[in-house]
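Please look through the structure shown here before reading on.

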Amino acid sequence: MSRIAGRFEELARAGRKALIPYIVAGDPDLASTVPLMHALVENGADIIELGVPFSDPMSEGPVIQQAHERALAGGTSLRDALEVVRTFREKDTTTPVLLMGYANPVEHMGYAAFADAAAAVGLDALLTVDIPPEEVEQVNAELHRVGMDNIFLVAPTTPEARIARIVAQASGFIYYVSLKGVTGAGHLDTVDVAEHVARIRAASALPVAVGFGIRDADSAASVASVADGVVVGSALIRAMADALDGGADHAAAGAVACALLADIRAGVDRAAS
Amino acid sequence: MNSEANQKPFAAVPDEHGRFGIYGGRFVAETLMSALDELEALYVRLRDDAEFQREFDEDLAHYVGRPSPLYHATRWSDQIGGARIYLKREDLNHTGAHKVNNTIGQALLAKHMGKKRVIAETGAGQHGVATATVAARLGLECQVFMGEEDVHRQALNVYRMKLLGAEVIPVKSGSRTLKDAMNEAMRDWVTNVDDTFYIIGTVAGPHPYPMLVRDFQCVIGREARAQCLEQTGRLPDALVACVGGGSNAIGLFHPFLDDTSVAMYGVEAGGHGLASGQHAAPLSAGTPGVLHGNRTYLMQDVNGQIMDTHSVSAGLDYPGVGPEHSWLKDIGRVNYVAANDDEALKAFHALTRIEGIMPALESSHALAYAQKLAADMSPEQNIVVNLSGRGDKDIHTVAQIDGIEL
């Protein structure tokens, strides 16, 4: 069983929902990323989604775009992100980590080379925003060769027939994108989310996590009441960026993000109980 | 390269997955996939529909002013002293460039889909103007994304778009040029996919865009082929066109691909020279990768990050290229070369002074290479150059480089 599947099973047994924070490797700098990941785990993270910075992050709203730009200004690469995972694993061998990014850095490294490197550092899964099931065959062959999960997005615009096609390629969990738009947009419709999550569950036994548009304990609570996991990204990154702008050092800014995560954790647990 | 996949006949590409050999495809976020499926299904139905084709042809004839002339530039040819150079006068189209051929076609698709709003990305502003024009004519809401740097260097076209009723949105992210405008247009589309049609301006992007933009632009090559036969009694020996995304080039080249005697040259923006690294020539100096929905040659660094580009012409200032060009390069059917900024500027001045035709800086890259090519050919041979747009929009840029204050 993969580390991700195991984590969702543990949570289900405990009657809890997964909290999945997203941060960008190298934001605000590479040295602060691993300590931040450990701090996120201490403050309630069940799985960590580590963003790989890309020059053209087409699905991101302004907050995460700027995080990518900060990380790229420091020269953070896909190889650096893999090194982050290796270092994280020195102290934490149980928290699943998935890389989320765009096709080109992975394609440029080569799918086979990526899979080998990712397996060697203890990565659990890959989520590429712009590799849909139609284009995934070669990637999946390599990921599966090393026992890694591929996480797919399902969108509000995905028809039922496509849901079946997507879940057939997916493992680990399904990531439902709660709204039409980019990350950090803010018009979450919980009724609509519940309907779509139900449709995905009808097609697959995989856990369903929901992301895009979750910003605080209340929105996390409402999503957690209808899904197996909650992904939160822009809200954490905005909290951290605002703290940095206000003169906080990296550790203090990370602490602000962690305080928000702890608050969101409480919201998620409230919904589940 | 996968040679088996690359040996398909020209008419058989793209395949049902939108692939040209290993290039093309559909690399976008899930939210857009069903919209692309819908667009593909509609287009595949309409492209064989006589009524749709009649509507398209009528608009091209009576609104755009087609066919555009094929003009023998005798004085310029004589001065070069080599092959005869013919100019395909896309600069004479309504709105002043080849871009309108495509926006007319896509606007008809938007109308069929009942979309109330169109968006576009633009570099030099020609595609933005061509989109704003068809939007005005059909009463559609129109927003055009344009890199902040391009907004400054193409102020005239920005004002033209505003006069046409479009809203121009300056894009401040990344390198603030065409690729960032395309990122932002994609972000808008993913947010407003229900009521918005994205009019992509070149033969790039996710399937079916490279195919349908090519098909709409092929009117250039079909006309040029017939005009050549009529005026010279035979096919041309060579075709030359500039390549940014590559829509004017594919439009000229495609109807000639089966004519093996016709050599083809796609001219990329060499900027300050390929060796300087400051250029926009992915086919000449890049490697394959994935950007903006398709696999194609890209300018990228060792980590797969897309690099900043440089060209004197905003319309060629793009780190990628249409996937069909990548395929045509690999199979060796088209030669891809580069012309530098200063060569393009020289050609701009030459054509203006010798023929009384002021070419766009984009097209000037094709002219610069054609001049070199013609000099090595005999006076019995013919070259067709795609004069893809007129240069009025560029006079501020040229004046600035020449140190003249307007």
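This is a predicted model: local features need pLDDT of at least 70, side-chain atom pairs count only at pLDDT 80 or more; totals for chains, interfaces and linings use all residues.

Residues are numbered from 1 along each chain as its sequence is written, chains are lettered from A and ligands numbered from 1 in the order in which they are written, and side-chain values use heavy atoms, with hydrogens and water left out.

Chain B has 16 helices and 14 strands, counted as DSSP runs numbered from the N terminus (helices H or I, at least four residues; strands E, at least two). Its C-alpha atoms fill a box of roughly 55 × 50 × 50 Å along the principal axes. Of the chain B contacts with a separation of 6 or more, 73% join residues 24 or more positions apart, where contact means heavy atoms within 4.5 Å.

Rolling a probe the size of a water molecule over the atoms shows where empty space is left. On a 1 Å grid over the protein atoms alone, a cavity is a set of points where a 1.4 Å probe fits but cannot get out, whereas a pocket is an open set with protein on both sides within 12 Å along at least five of seven lines, and lining residues have an atom within 4 Å of a point. Grid points are joined across faces, edges and corners, and a volume is the space filled by probe spheres set on the points.

The structure holds five cavities of 30 Å³ or more, and the largest cavity contains about 350 Å³ of space. Its lining comprises 30 residues, with His98(B), Lys99(B), Gly315(B), Leu316(B) and Glu362(B) nearest the centre. Among the elements of chain B that give two or more residues to this lining are strand E5 (117–122) and helix H15 (361–375).

The largest pocket holds about 400 Å³ of space. Of its 16 lining residues, Glu134(A), Glu135(A), Glu137(A), Gln138(A) and Arg19(B) are the closest to its centre. Helix H7 (137–145) and helix H8 (160–169) of chain A each supply at least two residues of this lining.

Finally, Arg79(A) lies in helix H4 (residues 78–91) of chain A, and it counts as exposed because its relative accessibility is 51%.

Definitions and conventions. Buried means under 20% relative accessible area, exposed over 50%, partly exposed in between (1.4 Å probe, protein chains only).
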